[in-house]
Amino acid sequence: MAPAQVIEIRGGNGSGKTTALRLIAGFLDGVSSGRILQGKTDVTRNRPWRMREIAYVDQDSRRGVVGTLTSAENLALAAMGGETAFWRKALRREVRDHVSSVVKQANFRIQVMEQPARLLSGGQRQVLNLLTLLARRKQPQIVLLDEPINNLDSANSRRCGEILRALHQGGSAIVFVSHTPIPGIEPDRFVQLGESLDFEGQRLTVTGAS
């Protein structure tokens, strides 16, 4: 599959950029008019599909991974898809090897991987949030980002950019709102609120939004 597009959503303060992203992701109800289409399929009322196929990364790094689990445990959970009794499966060599290959892309020290996520810095935790998307056996079709590197230091901003490039190269479409340029991420196009979003290979169209 050819990599999908990278799209930046623009709009003034209070114009509803975050609300639009959360509606698309399926976190909010309230689509009273217009439609959300995946290709030719109307998924406006299909929140389970959107929650499954669309990943959302909040600007607040605490809204993501499980704080009581270590970084490695969070990645193992993502690799197993959050299945029940995942601990037994996560011990398999296959899963350990997969998690190790994902960790290399963040250049994290082993101490970071062994720490509970709640003890990580905000930048480290945001990197971990993005790493869980890479750890999934099936990448999300669309990754929605709401100010993903807001207030991050340069090293962790760079790590986030590298992970996003890997997701993009793996076929995920990237849609983001950010006042700060994301290192290494260049949008293919800019969209004002209310326009349609069309991706190569997987198309999501949002119409009637305000």
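**Ground rules.** I number residues from 1 along each chain as its sequence is written, and I keep in mind that in this predicted model local features need pLDDT of at least 70 and side-chain atom pairs count only at pLDDT 80 or more, while totals for chains, interfaces and linings use all residues. Side-chain values use heavy atoms, with hydrogens and water left out.

**Entry 1, the pocket.** I find 24 residues in the lining, where a lining residue has an atom within 4 Å of a point; Tyr-56, Gly-64, Thr-132, Leu-133 and Arg-136 lie nearest the centre.

At least two lining residues come from each of α2 (47-53), β4 (54-57), α3 (71-79) and α7 (122-135), these elements being DSSP runs numbered from the N terminus, with helices (H or I) of at least four residues and strands (E) of at least two. By class I note twelve nonpolar, seven polar and five charged residues in this lining; Ala, Val, Leu, Ile, Met, Phe, Trp, Tyr, Cys and Pro count as nonpolar, Asp, Glu, Lys and Arg as charged, and the others, Gly among them, as polar.

I took a salt bridge as a side-chain nitrogen of Lys or Arg within 4 Å of a carboxyl oxygen of Asp or Glu, and the count is seven. One of them joins Glu-8 and Arg-10 at 3.8 Å, N to O. For burial I used relative accessible area (1.4 Å probe, protein chains only), with buried under 20%, exposed over 50% and partly exposed in between; Glu-8 is buried at 11%, whereas Arg-10 is partly exposed at 36%.

I then followed Asp-58, which forms a salt bridge with Arg-22 at 3.8 Å, N to O. That pair links distant parts of the chain, with Asp-58 in the loop between β4 and α3 and Arg-22 in helix α1 (residues 17-25), 36 residues apart. Asp-58 is buried at 6%, and Arg-22 is partly exposed at 24%. Asp-58 also meets Arg-63 at 3.3 Å, N to O, and Arg-63 is exposed at 58%. I close with the network of salt bridges that links Arg-22, Asp-58, Asp-60, Arg-62 and Arg-63.

Notes:
On a 1 Å grid over the protein atoms alone, a cavity is a set of points where a 1.4 Å probe fits but cannot get out, and a pocket is an open set with protein on both sides within 12 Å along at least five of seven lines; lining residues have an atom within 4 Å of a point.
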